[in-house]
Structure formats: structure tokens, C-alpha cells
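The following explanation is intended to be read alongside the sequence and the coordinates. Please keep both at hand while following the text.

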Amino acid sequence: MLEAINAALHAEMERDERVIVFGEDVGINGGVFRATEGLFDTFGGERVVDTPLAEGVIAGAAVGLAASGMIAVPEIQFLGFSYQAFHQIAGQMARLRYRSRGRFGGAITLRAPFGGGVRTPELHSDSLEGQFANVAGLKVVMPASAADAKGLLTTAIRDPDPVMFLEPLRGYRMIRDEVPDGEHLVPFGVANTVVEGSDVVIIAWSYMVELSKRAAHLLADEGTSARVLDLRTLVPLDTEAIASAVEDCGRVVVVQEAPETNGFASEVIATINDDAFYSLEAPVQRVSGYDAPYPVGMLEDDYVPDVDRIVAAVRRAVNAQ
Amino acid sequence: MDVRPREVRSEMTSELSDEQLREMMRHMIAARVFSTRAFNLQRQGRAGTNAPIDGSEALVVGAAQALDPTLDWVLPQYREPVGLGRFGPEVLEQYVLYLFGHPEGGHLPDHVRVWPPQISLATQIPHAVGLAWGMKLQNQTGCALVFFGDGSSSEGDFYEAANFAGVLDAPVILVLVNNGWAISTPTSQQTRAKNFAEKSHAFGIPGVTVDGGDPIAMFEAVSDARTRALAGAGPTLIEAVTYRLGPHTTADDPTRYVPPDEFADALERDPLVRFGAELMRRGIWSDEDQIEAEATADDTMQRAIERAEKTPLSRSEFFEHVFAEPTPRLARQKREFEQLHGIGGGA
């Protein structure tokens, strides 16, 4: 997935000289995960900029850059550090178009890795997508495959609105799939059925799609046909695909890595309630992190959702009368 | 690079023409008149909470005089718009709309290089730095000037943005309005620094303290900063010292905390009175000029109010401009809202 992200950045910087990549260690070092590898050498220090270590102004300067006519692609090194930029992201970036009544747009794609499973220190693993999805004016994009990472990032950079492009840290090297050569765009708001199935649908995004696919394959061995629906983007949300999957399968499991309370899974379940309630044959099951801060390394495997918990939730959904 | 704060300049020595000086006086008077009318509108229940400019007219007008409205940008906090007449009549017109609570109040036409008022303190400083950075990357001639207060200088955004601007040599002018008060908190409880310009040391950028009650001193300081910015020499921090000659906002009662003697002293140094006396001493301003300027400003404000009252507004307007194109969900919400209220084609 990392190579796909890198390829999209290269291609978009090549295509449009207004695109500027900046953040902590994105230049000479190519990013701490090498997502921006080679950009500095290819496009130079004016367009690939190592900034001072200050998340608030990285986000805030993106607002001004976009207003000046540039296309800003800032990186926050770990999404958990965006707490220090939340006032600029939610309070400013998300609403400059609104408060200027369309005069100043928000051609900003803020990239940040998130999620657990790789033994990072504190605050490197937090899943904040639900918080951003609750901010009017932000788009929230969460690729689960390398091909989608390229296609969605390309779409994000060309989008006139602020996009939170959240990359699964565990997926950088563990998610491997064929990536189309050349220009590849994946539209926002179009969910993707990544595993076909008819008994139950598992709805997920980002790295939880990867785990859900594994769960579906295990369940197939015991005779349960589980569909996996990858939402791809939370804002905009493909409500039609959700309703359609629920109508087809009747039983639903929603998986998220974030804490349970008020996570985006709650929104998905509320959407099912609005649009497909009478197709339900069982209560919707939810798999999530717990309402505790993301723990340090020795405990994280028990905290973060895994294949076993997803399989157990599917069995509950399927066995419910 | 000289990073020592300069002494307060009070000598009025610049080479501004007599007509330019008269124009600045007219803008200062207009700012006070607009602000006073806005205050009264709030008291009448016709306008929302607003922050009178009283005491800051000279520094806003002096700074604006040093800028080129066709090239340079101004990012105000919320107290300054009434003083930015040099950037066009639309600044006042839209500000009045803004005070009335009309969403279009935040929309200035493309040729007016002024941002909407900013409520969240200091957040506009990173925007100004990013804007200036973008102008530099695109080889645009010009700079961005941002106003913020002594209280705002305690926000992280100020430190992050000023540092960032220094590292990038961004063509930005940071105008810190030290009017003595952040609502009820005096500057003595805002910092242990000897003055606010001194904070420039930490960023390695020039910092100057200017008499913010003297529009010519302010003009000169901003002119210097603009010259540096356009030459690629980066940002300047300007501390404009004045005194808030009124409440923080219409919602504030400064008699609870402002020492009466201190306030009386400050009134003696009212920038409008000082500048008027100086122009009269030079023989280029008269009582008749004063009366005419006040009457003209009052008429302008009256027209802005009438225009604002006649500006149409759709109840579903708040659905607009959230995104370039609404998401399907937002579009659905708007349809439902319009159906609920029997608006437009939504029924």
C-alpha cells in the first residue's frame, strides 16, 4: 500500500505544479514510513517541505496555502498527533468555504497514518475517523487496499474540499494487491463489495476490511456465506450500498478499530435503522475497540479487534432467531 | 538582522501627502462612527454582539495605508473591519451584514483582499502565513498582514505560526494589537516579557513596538515590514500599542475591572483627537472637515444598514457552501428541511 500512496503522490505532483507536500520529515527523509520517498529529489525543496514540528500550523498553513491557489497535501506523522491540530482542522479547515460563502475553497488532502497492531508508543495508534466524520465540511477517506489507496488519494488531491486521508499503519506493508498502472481514480462515496456472500454482511473500512476478509474465509469453511462491504469513504457515505447489502443478507456485523461509544459504527447502524430496518433478521452486531485509551504494546492485541472477535460476532448474527 | 525592539515612535515625520493624511483621518473617523452605530444597533436588538474599534482606529488605518489593496491581503480578527475602508466599501457593507447575522456577511468579492472576521483567537495567524507562503511559491507580488491581540499572543497558534513564517521567510506582517486588555485580563497577566515585540527574538525575526495611536508611525512600521517582505526577507512582528477605549464587546462591562483613572488618562490620548489636532496644527484639517467626515460616515453606515436589511435570505442557506458540491446526505437533509418548511422546489 505504501508504494501505491507514493506513486499517487508522484503522479499528482507531476500532473499539477500547484500540489505541495509538507510536514515533519517528509522531505529528505521521505517520511518516517517512506510514503514521500523520492518526492524531494524529483520536485525539490520548494514543493516538498520539511516543516517545523508543529501540527497546528501544518494544518493552519494548509488553509492559507489552499486559499492562495495551491493544492496542499500536508502530512501529520501519526493521526494521534492531530489532537494538536484539531482546532485548525475542525474549527478552520472544515469551514473556510462555509464562512467565506464559497470564496475560498479547501483543496487540502491531509494524510495521516493511524491504527494499532505494530507496537507503537502511546498516541500513535488512535483511530479518530468518527471524530472527523462528525465535523461538517470534512471528507473522510479510508482505503483498505493498495489499489484503492492510489485511486482514492488521486481523487482526494483533485477534490476541491478538505479531505482527511487516513492510512492504516498496519497496512502500509501488510496490505499487498495489484495496483493499476497509470492514472487511477476511485470515486468518493462508492462502497466496494470485496467478498461476495449472502448470509451476513460484514461492514468495515480501512484495516478492518483486511481482518473481515480473513474472517469471511474462515466462516466459509463452516458453511457461512459472509459478504464484506468496504465503505472506502465515511464522508461521503454510500448509504445505498449499505441498505442494499442489508436487504440482500438480512444480518449485519459492523467492525471498527475505534472505541465503541459514538464511533462511526454507530452511524452505520443508525443508517441501517433509517434505510433498511425492515430487512433485518437479527440485531446488528458491533465489533470495536473498547472505551479505554488505546493501550501500550503488551496489551494492544487484546484491545484491537481481531479475526476471532469478528467471527464470533458473525456467529451471533447468524444464530440469532 | 536587527532583532531588537525599537523604541516607540511618536514623531510624525513621514512623507505622506496632505491629501493622504486627510484621507487617513476620514477613515479613522469613519471607523469610530461605524463602530458606534454598530454598538447602538446591538443595543436596539438589530445586530449581534460586536467589538468596538475605539482606540484602534489609528493602527488599523495606518497599517492599511501602507498596503496595496490590489496586491496585499488583510486577515482581521473581529475588531478591525470597520477601519479597512481603504480596501473598498464592500468591507463595511459585508461587515454590517455579518453583524445582522446574515451568512453572506463573510463573503467579500474577489477583488477585495480581506478575509472574513475571525472569532477563534489567533487561528488566522497560521492562515496568513500559509497564504503568504503560497503567494511566494507562485511568485505573486504582495504580502499578507494579520491582526491579532495581546491576548491572542498567548495562544499556541501565534508561536507556531510566527516560527513557521520565520523559517519559510514568508512575506507576512504580524500586527499584534496591544490594547491593554483581553476582555478583563490586563497585559500584566498575559506575559512576563517586557513587551510583546520582544517575542520576535524567539523566532529570529525583526520585532518593533509602535505607538498604535499614531497612524503615521504605524504607516511607517508597516511600510518597512512590507518592503522587507517583498524583498524576500520574511516576516516582521509589529506590536501596536494602544488602549481599548471601550468595552471588549457589546456584552462586556469594563467598569467592573478597568481602573477609572487609567481609562481617563487613555481618553486624553484618544488617537482621533491626537491625529485631528496634529492635522489642524499643519493647517490641513478643520472643524468643518471633521463635521463633514462624520456626516459622510454616518450616511455610509445608514446606506449599509438599509442594504443589509434588504438583502434577501433563504432559510435553507445554511446548507450551502459546506462542500463545493453537497454530499448526497447533505442534499437529502436540505430536501427534507425544505419540505418541512414549504420552501422552494423542495415540496
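The paragraphs below proceed from domains and contacts to individual strands and the nonpolar core.

The model is a predicted one. In chain A, the domain assignment gives domain 1 (2-174) and domain 2 (192-319). The C-alpha centres of these two domains of chain A are 26 Å apart. Their contact draws 24 residues from domain 1 of chain A and 23 residues from domain 2 of chain A. On the domain 1 side, α6 (129-133), β5 (139-141), α7 (146-158) and β6 (163-168) of chain A each contribute at least two residues. By class, that side of domain 1 of chain A comprises 10 nonpolar, seven polar and seven charged residues.

Chain B is likewise assigned domains, namely domain 1 (18-312) and domain 2 (314-347). Between the C-alpha centres of these domains of chain B the distance is 36 Å.

The contact between the chains may be considered next. Chain A provides 38 residues to it and chain B provides 34 residues. Within chain A, α3 (55-68), α4 (86-91) and α5 (96-99) each supply at least two residues of the side that touches chain B. Of these helices, α3(A) gives the largest share of that side, 10 residues. The side of chain A that touches chain B contains 16 nonpolar, 16 polar and six charged residues.

β1(A) pairs in the parallel sense with strand β3 (residues 71-75) of chain A over five bridges, and the bridge partner of Phe22(A) in β3(A) is Pro74(A). β1(A) also pairs in the parallel sense with strand β2 (residues 48-50) of chain A, over three bridges. There, Val48(A) in β2(A) is the bridge partner of Val21(A).

In chain B, strand β3 (residues 172-178) is mostly covered, with seven of its seven residues buried. Val172(B), Leu174(B), Leu176(B) and Asn178(B) point one way from β3(B), whereas Ile173(B), Val175(B) and Val177(B) point the other way. Strand β2 (residues 144-149) of chain B pairs with β3(B) in the parallel sense over six bridges, and Phe148(B) stands opposite Leu176(B). From β2(B) the chain passes through helix α5 (residues 156-168) of chain B to β3(B), forming a right-handed β-α-β crossover. β3(B) also pairs in the parallel sense with strand β7 (residues 236-241) of chain B over six bridges. Ile238(B) in β7(B) is the bridge partner of Val175(B).

The largest nonpolar core has 205 residues, of which Ile202(A), Val314(A), Val129(B), Val172(B) and Ile238(B) touch the most other members. Helix α1 (residues 18-43) of chain B supplies the largest share of this core, 12 residues. Leaving aside neighbours within four places in sequence, Ile238(B) has among its contacts Ile173(B), Leu174(B), Val175(B) and Leu176(B). Others in contact with Ile238(B) include Val208(B), Val210(B), Ala221(B), Val222(B) and Ala225(B).

Notes: Residues are numbered from 1 along each chain as its sequence is written. Chains are lettered from A and ligands numbered from 1 in the order in which they are written. This is a predicted model: local features need pLDDT of at least 70, side-chain atom pairs count only at pLDDT 80 or more; totals for chains, interfaces and linings use all residues. Two residues are in contact if their C-beta atoms, placed from the backbone, lie within 7 Å. Helices (H or I, at least four residues) and strands (E, at least two) are DSSP runs, numbered from the N terminus. Ala, Val, Leu, Ile, Met, Phe, Trp, Tyr, Cys and Pro count as nonpolar, Asp, Glu, Lys and Arg as charged, and the others, Gly among them, as polar. Domain bounds come from an automatic or database domain assignment. A residue is buried if 20 or more other C-beta atoms lie within 10 Å of its own, exposed if 12 or fewer, and partly exposed in between; C-beta atoms are placed from the backbone. Two strands pair if DSSP finds at least two bridges between them. A crossover is right-handed if, with the strands pointing away from the viewer, the path from the first strand over the helix to the second runs clockwise. A nonpolar core is a set of buried Ala, Val, Leu, Ile, Met, Phe, Trp, Tyr and Cys residues joined through C-beta atoms within 7 Å.
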